[in-house]
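These are my notebook entries from a reading of one structure. I set down what I looked up and what I found.

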Amino acid sequence: MSALMSTCFALPAAAQTCGGDLAIFLDGIKAEAVAKGIPAEAADRALAGARVNQKVLSRDRAQGVFKQTFLEFSQRTVSQARLDIGRQKLKQYADVFQRAEQEFGVPPGVIAAFWAMETDFGAVQGDFNTRNALVTLAHDCRRPELFRPQLLALIEMVQHGDLEPATNTGAWAGEIGQVQMLPEDIIAYGVDGDGDGHINVKGSSPDAILTAARFIQSLGYRPGEPWIQEVTLPEDLEWEQTGLGNEKPAGDWFAMGVSPRDGNTNFANLPAALVLPQGRNGPAFLTYPNFGIYLEWNQSFIYTTSAAYFATRLMGAPAYQKGNPQAGLDDASMRALQTKLQQRGHDVGEIDGILGSGTRQAVQKEQARLGLPADGWPTRDLLSAL
């Protein structure tokens, strides 16, 4: 979810877009829903009993930071148990996955990996009342422009009979169902996979699978192309050319000695970036245009790379080669590194101890300046050299 900030608008209370008296705010939501053509009774039913949930605000103010390494996170999420369950699900819903690929061009493994990563195949969908979560975040003045439309979409779902407002639960930020989608996306891309006349991404796996496939298609998925491919590396690679954003035809990487583990060089003409989640001594992957759909789904590089890798495993790829990456930095050392990088004029964003894209790029530039292998992986040697 975007981290856009917002402030309360200086409007009369009756027209206020966030904050103020909750009853007046909900009256405004109802009026907007009716103006969009939603029956007043649907809005009344959706909003009856709505309240602010302080736990949602606490979560929003203190979102968990992503500080695990790729090896740590991917080994936890892409476990053998999950792979086994995933393969069982691919068999159990083979006809649904086949339909998803035929209609939307998205392979089974891509959908099933998101299904696993988001909710453990529907087992853990969240226990926050969805209506109250969205009322809370739309009423709050931090990001109302993001959540007010989602609350209106939820009212539309109630109108369609696809959501019970008093009892429907999901994630704290309003995501619903087995693949954790927001109401606007469910309205736009929902598919009735089981033919019952409703879109129930929470209780119906066929609905969830096909809705996810249609949503992934909307993100620009290119059928018949890879998304990520594990590779082995030569020792003398020009490391400063690695990293997301440094794309060249995959064939150029092959000519430089980058070798696909699966031996498949059929996509040599596609643009590809060489990503090294833990530097030149750890796992290495070529990312292709379809990797972009993972970044659209979730902006965390570690999450997206793990989800993409998970999808290849479900499609038959072997476990990655762990390599022997140098030890990374602890939280305090990473913050110290970011501070030094910022002092040198690099835009690393917030000093938060997270190895985000800005920090990786700054690390790479400083490594190159210092004559170190510029693989974007921060080490204690780099910190000491700065």
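**Entry 1. Terms and model.** I began with the terms for accessibility: a residue is buried under 20% relative accessible area, exposed over 50%, and partly exposed in between. I also noted that the model is predicted.

**Entry 2. Arg-344 and Glu-366.** I applied these terms to Arg-344, whose relative accessibility is 43%, so Arg-344 counts as partly exposed. I then looked up its partner and found that Arg-344 forms a salt bridge with Glu-366, with 3.9 Å between the closest N and O atoms. Arg-344 lies in the loop between α15 (331-343) and α16 (357-370), while Glu-366 belongs to helix α16, so the pair ties together parts that are 22 residues apart in sequence. Is Glu-366 buried or exposed? I found a relative accessibility of 5%, and therefore Glu-366 counts as buried.

**Entry 3. Other salt bridges.** How many salt bridges does the structure hold? I recorded 15 salt bridges. I noted the general principle that side chains of opposite charge can pair when their charged atoms come close.

I looked up Arg-45 and Glu-164, whose side chains meet in a salt bridge at 2.5 Å, N to O. Arg-45 is in helix α2 (residues 40-47) and Glu-164 is in the loop between α9 and β2 (169-170), so this pair ties together parts that are 119 residues apart in sequence. Arg-45 counts as partly exposed because its relative accessibility is 41%. Glu-164 is partly exposed as well, with a relative accessible area of 34%.

I next examined Glu-103 and Arg-99, whose side chains meet in a salt bridge at 2.9 Å, N to O. Both residues lie in helix α6 (residues 94-104), four residues apart, which is about one turn of the helix. For Glu-103 I noted a relative accessible area of 43%, which makes this residue partly exposed. Arg-99 is partly exposed at 29%.

Which residues are linked in a network of salt bridges? I listed Asp-60, Arg-61, Asp-140, Arg-142 and Arg-143.

**Entry 4. The disulfide.** I searched the whole structure for disulfides and found one. It joins Cys-18 to Cys-141, with an S to S distance of 2.2 Å. Cys-18 lies in the segment before α1 (22-35) and Cys-141 in the loop between α8 (130-139) and α9 (144-160), so the bond ties together parts that are 123 residues apart in sequence. Why is the disulfide right-handed? The torsion about the S-S bond of Cys-18 and Cys-141 is about 105°, and therefore the disulfide is right-handed. I also recorded that Cys-18 and Cys-141 are buried.

**Entry 5. A charged patch.** I turned to surface charge and found a negative patch formed by Glu-235, Asp-236, Glu-238 and Glu-240. I placed Glu-235 in the loop between β3 (228-232) and β4 (248-249). Glu-235 counts as exposed because its relative accessibility is 80%.

**Entry 6. Gly-197.** Where does Gly-197 lie? I located Gly-197 in the loop between α10 (183-189) and α11 (205-218). Its relative accessible area is 59%, so Gly-197 is exposed. I looked up one distance from this residue: Gly-197 and Ala-268 are 71 residues apart in sequence, and 45 Å separates them in space, C-alpha to C-alpha.

Notes: Residues numbered from 1 in each chain as written. Predicted model: local features only at pLDDT ≥ 70, side-chain atom pairs only at ≥ 80, totals over all residues. Heavy atoms only, no water. Patch = residues over 30% accessible without salt bridge, like charges linked within 9 Å, V, L, I, M, F, W, Y side chains within 5 Å. Areas by Shrake-Rupley, 256 points an atom, 1.4 Å probe, with all protein chains shown as cover. Salt bridge = Lys/Arg side-chain N within 4 Å of Asp/Glu carboxyl O. Lys, Arg positive; Asp, Glu negative; His and termini not counted. Charge placed at Lys NZ, Arg CZ, Asp CG, Glu CD. Helix = DSSP H or I, 4+ residues; strand = E, 2+ residues; numbered from the N terminus. Buried < 20%, exposed > 50% of the residue type's maximum accessible area, 1.4 Å probe, protein only. Disulfide = S-S within 2.5 Å.
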